[in-house]
Amino acid sequence: MRLAAYLAALAAFARGEPRVRREIRTLSTAEFDALVGAMWTMKTLDDASGKARFGPHFRTYDSFVAQHVAASLGADCDEAHFSPVFAVWHRAYLYEFELSLAAVDANVSSLPYWD
């Protein structure tokens with residue numbers, strides 16, 4: 001996704017409810033299982049089936065991997081890590097990932113962090 005699309009995604013995020021990211025060890029067993037289940041669904045469904053079942057925010061896990069690889073291994077530079085938009089790029093990237101998780105399971109609205 002290009003920078004303009006990421007900025008639009010961040011603007012949409014700014015208008016919505018803030019997401020609370022928690023340390024992964026503070027998740028209950030049910031919360032952890034819901035997170036893993038949503039990720040597993042993203043990993044095992046193809047894009048067309050996922051969008052048909054969960055709506056337009058669904059994306060496959062592998063599509064996120066491919067997007068990160070493409071941005072990291074760009075011919076010009078590593079746009080995802082060695083550019084002035086590092087923080088913006090990754091926040092928008094995570095936002096899209098969280099949208100996909102929430103599409104699969106509305107109880108999973110944010111990714112935990114690992115400390």
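**Exercise 1. Locate Ala-106 and decide whether Ala-106 is buried or exposed.**

Step 1. Ala-106 sits in the segment that follows α5. Helices here are DSSP runs of H or I with at least four residues, strands are runs of E with at least two, and both are numbered from the N terminus.

Step 2. The relative accessibility of Ala-106 is 68%, so Ala-106 counts as exposed. The cut-offs are under 20% relative accessible area for buried, over 50% for exposed, and partly exposed in between, with a 1.4 Å probe and protein chains only.

Step 3. Now look across to Ala-34: 72 residues separate Ala-106 and Ala-34 in sequence, while their C-alpha atoms are 9.6 Å apart in space.

A word on the model before going on. It is predicted, so local features need pLDDT of at least 70 and side-chain atom pairs count only at pLDDT 80 or more, while totals for chains, interfaces and linings use all residues. Residues are numbered from 1 along each chain as its sequence is written, and side-chain values use heavy atoms, with hydrogens and water left out.

**Exercise 2. Describe the overall build of the protein.**

Step 1. Count the elements: there are five helices and zero strands. Reading from the N terminus, the order is α-α-α-α-α.

Step 2. Check the inside: of the 115 residues, 34% are buried.

Step 3. Turn to contacts, meaning heavy atoms within 4.5 Å. Taking contacts between residues at least 6 apart in sequence, 59% join residues at least 24 apart.

**Exercise 3. Find which residues of the largest nonpolar core touch the most other members.**

Step 1. Start with the term: a nonpolar core is a set of buried Ala, Val, Leu, Ile, Met, Phe, Trp, Tyr and Cys residues joined through side-chain atoms within 4.5 Å.

Step 2. The largest such core has 18 residues, and Leu-35, Met-42, Phe-97, Leu-101 and Val-104 touch the most other members.

Step 3. Helices α2 (29-44), α4 (61-72) and α5 (86-104) each give this core at least two residues. The largest share, five residues, comes from α5.

Step 4. For background, nonpolar side chains tend to be buried together in soluble globular proteins.

**Exercise 4. Work out why the buried residues of α4 line one face of the helix.**

Step 1. Gather the buried residues of α4: Phe-64, Gln-67, Ala-71 and Ser-72.

Step 2. Viewed down the axis of α4, these residues fall within an arc of 125°, so they line one face. The arc is that of the directions from the helix axis to the C-beta atoms.

Step 3. Follow Ser-72, which is buried with a relative accessible area of 16%. Apart from neighbours within four places in sequence, Ser-72 is in contact with Asp-78, Ala-80 and His-81.

Step 4. Move to His-90 in helix α5, which is buried with a relative accessible area of 18%. Not counting residues up to four places away in sequence, His-90 touches His-68, Ala-80 and His-81.

**Exercise 5. Classify the aromatic pairs Phe-54 with Phe-58 and Phe-64 with Phe-97.**

Step 1. Recall the rule: rings of Phe, Tyr and Trp (its six-membered ring) pair if their centres lie within 6.5 Å, and planes under 30 degrees apart count as stacked, over 60 as edge-to-face and the rest as tilted. The whole structure holds five aromatic pairs.

Step 2. Phe-54 and Phe-58 are 5.9 Å centre to centre with 25° between the planes, a stacked pair. Phe-54 and Phe-58 are both buried.

Step 3. For Phe-64 and Phe-97, the centres are 4.9 Å apart and the planes stand at 65°, so this pair is edge-to-face. The pair links distant parts of the chain, with Phe-64 in helix α4 and Phe-97 in helix α5, 33 residues apart.

Step 4. Phe-64 is buried at 1% relative accessibility, and Phe-97 is buried at 7%.

Step 5. Widen the view: Tyr-61, Phe-64, Trp-89, Tyr-93 and Phe-97 form one aromatic cluster. Beyond neighbours within four places in sequence, Phe-97 is in contact with Met-39, Met-42, Tyr-61, Phe-64 and Leu-111.
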